[in-house]
Amino acid sequence: MLWLALVFPEWPLQARFRAQAHTQPLAVAEKQRVVALDATALAQGVRPGQRVADALALAPDLLISPRDSRVEDAALKDAAGCALHFTPHVALATDGLLLEIAGSIRLFGSLDGLLRALRSALAAAGFHALSACAPTPRAARWLALGTPGRTIRGPAALPAALAALPLDVTEAGETRLATLREAGLRSVGDAMKLPRDALALRDAQALRRLIDQALGQTADPRMFFSPPPEIDSRIELPVPRHDADVLLFAASRLFNSACTQLAAAHAGIAECLLELQHEHEAPTRLELRTGTPTHDARLLASLTREHLARITLPEAVTALRLRAPDWIEQPGRSRDLFGTQAPSPQDRQEARDVLVERLRARLGRDAVYSLSASGDHRPEQAQQRDEPGRAQPAAGKPQRPLWLLPEPELLAERDGQPWRNGPLHCLGRAERIEAGWWDDAGDNDHPAEALRDYYIAVGPRQERLWIYREHRAPHRWYLQGLFA
């Protein structure tokens, strides 16, 4: 077995903000003491463990957020969801993850290839981790805490590698470690040299058990992470913002985390809800529909960009929340033996669905629709709105234009011939319509009943028009539509 340990430095800060760009120093505090801070705050003299008042004295513009264990738990599960794309064996740790990767290395070509892909996926979701590899999970975590970047392949090399680590990496409890420091122990090697009875006298039997687990001499069972079949992720902004680019960047962190987890589960989502949360106003809700199940983060980001360009926010956004409760299984597709060929009907259908949803995100859902034929001969009643892709074509009707005027346009008449910038010449036979007598709607000028003779006409500029002449007196001519 080969275990990969990931440790997220300054985890309370990472979990809350996901490494978003900012200009002011940031810190997270618990019980009025700083527990995590960024590089900007560190450069201004702020240190972990300082009192909040002292930190503010050193950095007056320091932004301090309270620590929230629920935020950290949720973010750790998001990171674990990303890791599931690389191995099904992922265990949660306090501020990191443990991955059993022996069976995954060959898939990525090498350990370095797996690590590069994993770091890229985590970075896209806003996580930065230190890592180390070892034959046991506890040894891997100790190495990640003490000498990150190291890889130990065989159990025989573990004693020497662990002996040089400081005693703090054992995470055996501050009271117990303080007792050992008073006895002159500074490293794991010092504790390993002591007889078991000596450790028992110093109330450090638990440390001996941890060392045995790290060396592989005692079982160290781990419970693997099993994600719930839903997405519910949240990310806070360091400061409230209106900027679409900033909001899109933060949303992309959520999309990348969610889509990596979906890909690992061979699933997709056809719709999700992105909430832009405000301090004093109700959340702005963006309903993202893809038209087809997907786990493509770029598609979700492009739909979000279209929505943000169309809406006006009531006030600055403080946090974003992504929810997708309904997953859809996406079984893998067989690749073509001879490489990429012409798109399949399913690929073309998915491309059409995506295009429709992007247009709806940009123009609004009511502005994008298809037209279906209805059982009415009147042109203004012959078509009805329908969902894209569900349109029913007309059956056996004469040629008609797609572009109808909102209201028929009254045409001039000269010597009994219709006139529009010149004489109009009718082509072919008339299409007679006598329908609508069953409708009560209408008025004297525009009765619901239609008694008309329709013609395809050619204008002086060779444009093709669709005109009609009334049956009733005074037998006026009207323009109803235009051919492309």
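**Strands, helices and surface**

Analyst: Ala91 stands opposite Leu98 in strand β6. The model is predicted, so local features need pLDDT of at least 70 and side-chain atom pairs count only at pLDDT 80 or more, while totals for chains, interfaces and linings use all residues. Residues are numbered from 1 along each chain as its sequence is written, and side-chain values use heavy atoms, with hydrogens and water left out.

User: Which strands form the open sheet with antiparallel pairing, and in what order?

Analyst: The order of its 4 strands is β5-β6-β1-β7. The edges are held by β5 (90-92) and β7, each with a single partner strand, so one side of each has no neighbour in the sheet. From one strand to the next, the twist averages 20 degrees.

User: What lies across β5 and β6, and at what angle to β6?

Analyst: Helix α4 (residues 69-83) does, running at about 25 degrees to β6. Helix α5 (residues 111-124) also packs on the sheet, where it touches β1, β6 and β7, and its direction makes about 30 degrees with that of β1. Such angles run from 0 to 180 degrees between N-to-C directions of axes fitted to C-alpha atoms, for helices over the stretch in contact, and contact means heavy atoms within 4.5 Å.

User: Why is one side of β3 and of β4 left without a neighbour in the sheet?

Analyst: Their open sheet has 3 strands in the order β3-β2-β4, with mixed pairing. Since β3 (33-37) and β4 (63-66) stand at the edges with a single partner strand each, one side of each is without a neighbour. Neighbouring strands here are turned by 40 degrees against each other on average, direction ignored.

User: How do β2 and β4 run, and how many bridges join them?

Analyst: Strand β2 (residues 26-30) runs parallel to β4 and is joined to it by 4 bridges, with Leu26 opposite Leu63. The pairing of β2 with β3 is antiparallel, again over 4 bridges. Val28 has a partner in each strand, namely Ser65 in β4 and Ala36 in β3.

User: Why is helix α6 described as largely enclosed?

Analyst: Buried means under 20% relative accessible area, exposed over 50%, and partly exposed in between, with a 1.4 Å probe and protein chains only. Of the 10 residues of α6 (residues 137-146), 8 are buried, so the rest of the structure largely encloses the helix. Among them are Arg138, Arg141 and Trp142, and the cover includes β1 (3-7), β7 (130-134) and α11 (205-215). By the same cut-off, 4 of the 5 residues of β2 are buried, as are 44% of the 484 residues of the chain.

User: Which residues form a nonpolar patch on the surface?

Analyst: Leu355, Leu359 and Leu363 do, with about 280 Å² of accessible area together, and Leu363 is found in helix α14 (residues 345-363). Patch residues have over 30% relative accessible area and no salt bridge; like charges are joined within 9 Å, nonpolar side chains (Val, Leu, Ile, Met, Phe, Trp, Tyr) within 5 Å. A salt bridge is a side-chain nitrogen of Lys or Arg within 4 Å of a carboxyl oxygen of Asp or Glu, and areas come from the Shrake-Rupley method with a 1.4 Å probe, only the protein chains shown counting as cover for residues.

How values were computed. Helix = DSSP H or I, 4+ residues; strand = E, 2+ residues; numbered from the N terminus. Pairing = 2+ DSSP bridges.
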